[in-house]
Amino acid sequence: MNPSAERWLDREAGPLVRPYARTRGRTRPAGEGFDLIAVVAATGARPGDRLRYSPDHVRLLRGCARPVAVADLAAEFGLPLGVVRVLLGDLRDEGLIAVVDTAAPAQGRPGRGVLREVLNGLRAL
Amino acid sequence: MVYAPSDPAAGPGPAAGAGPGGTARPLVTTKILIAGGFGAGKTTLVGSISEIRPLHTEEPLTDRGVGVDDVTGVQGKTTTTVAMDFGRLTLSDQLLLYLFGTPGQDRFWFMWDELAAGAIGAVVLADTRRLTGCFPAIDYFERRGLPFVVAVNCFDGAARHDPRDVAIALDLDPGVPVLLCDARRRESSKQVLIALMEHVLSWPDAGAPGHDARSPDRRGPAT
């Protein structure tokens, strides 16, 4: 495709800025990754040197004021998942956010109690 | 964090609430995959029952990297983005159910492993006019041992099929539920999800203790 013919048409086309430009070239967070539906929350620690944080960091940290799933953060802020993960990794390194302990593991299906709660919750919709 | 199997109403214990953030309220997140052939109605189903939002991931793809059902107008775009249908159902203050529409095209298979990890199960939407479209999804879930139901999306004008015929045509293992649905209707979509949950709970290993006891440290790696 002729690069000059390339056009960004709308939101569906994805971000105008290449994702890695927002993460200083990184494609995955330092340390352990974040599951798609992992719940993260701000620890309440105060950010140190603000100059080290991009506006995306600040927005994400604000979004973590209450426990929130990683995928929700990505959808809410319109950021690609990979970008959210890298930036969350930065915030975690600084002790500003952490993965909240939840009952649902990533690699095994949830336990029977959770499954029943989901079933009951669906019936009650 | 352990749920007592004998007590379906048991909420997460105090330990789950004491997150690193000192959060007062535990939050349990679960997910169900919505799969099926191209145009089988994945987007419609997710949208009929939940608030649907676009979710992107930026995989290194170089052409037509848009995985939603409707490609009208997107052909020829150059993008590295995969879009997924993403819905959320708030089942209670502390229980969220996420629906992920699996990217429909072959080149996005790499996304499936992450989507399937930890999932409760899957709904495979079938379009009887293009039944073969859901073969890859069925093969994948069978190989992976992820429980699923097949929901035959009854489009206007599409011939109504006996679910038993569909099960035979798809060569499903006995016991895999097949039901008819209208993905446009919330109540119908809800019944599909309920059927999946009942199927999952009928599996003998559902909620094996080992699943409850897993540490969140075992969460899968980012892709």
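Here is a short walk through the sheets and helices of chains A and B.

Before you click, note that this is a predicted model, where local features need pLDDT of at least 70, side-chain atom pairs count only at pLDDT 80 or more, and totals for chains, interfaces and linings use all residues. Residues are numbered from 1 along each chain as its sequence is written, with chains lettered from A and ligands numbered from 1 in the order in which they are written.

**Stop 1: the chain B sheet**

Select chain B and look for seven strands in an open sheet, running S2-S3-S4-S1-S5-S6-S7 with mixed pairing. (Strands are DSSP runs of E, at least two residues, and helices are runs of H or I, at least four, numbered from the N terminus; two strands pair if DSSP finds at least two bridges between them.) At the edges sit S2 (51-57) and S7 (178-181) of chain B, each pairing on one side only. Neighbouring strands here are turned by 30 degrees against each other on average, direction ignored.

Now zoom in on S5 (121-126) and S6 (148-153) of chain B, a parallel pair with five bridges. Pick Ala122(B) and you'll find its bridge partner in S6(B), Phe148(B).

**Stop 2: a helix from chain A**

Next, select H4 (112-123) of chain A. What does H4(A) touch on the chain B sheet? It packs against strands S1 (28-36), S3 (82-92) and S4 (95-101) of chain B, and its direction makes about 85 degrees with that of S3(B). (Contact has C-beta atoms, placed from the backbone, within 7 Å; axes are lines fitted to C-alpha atoms, for helices over the stretch in contact, and angles run from 0 to 180 degrees between N-to-C directions.)

Colour H4(A) by burial: nine of its twelve residues are buried, meaning 20 or more other C-beta atoms, placed from the backbone, lie within 10 Å of a residue's own. Among them are Val114(A), Leu115(A), Val118(A) and Leu122(A). The cover includes S1, S3, S4 and helix H6 (186-202) of chain B.

**Stop 3: back in chain A**

Show the open sheet S2-S1-S3 of chain A, with antiparallel pairing. Its edge strands are S2 (68-69) and S3 (97-99) of chain A. Val40(A) has Val68(A) in S2(A) as its bridge partner.

Finish on H2 (70-77) and H3 (81-93) of chain A, which pack at about 115 degrees with axes 9 Å apart. That makes H2(A) roughly perpendicular to H3(A), a label for angles of 65 to 115 degrees.

Notes:
Contact = placed C-beta atoms within 7 Å. Parallel < 35°, antiparallel > 145°, perpendicular 65-115°, else oblique.
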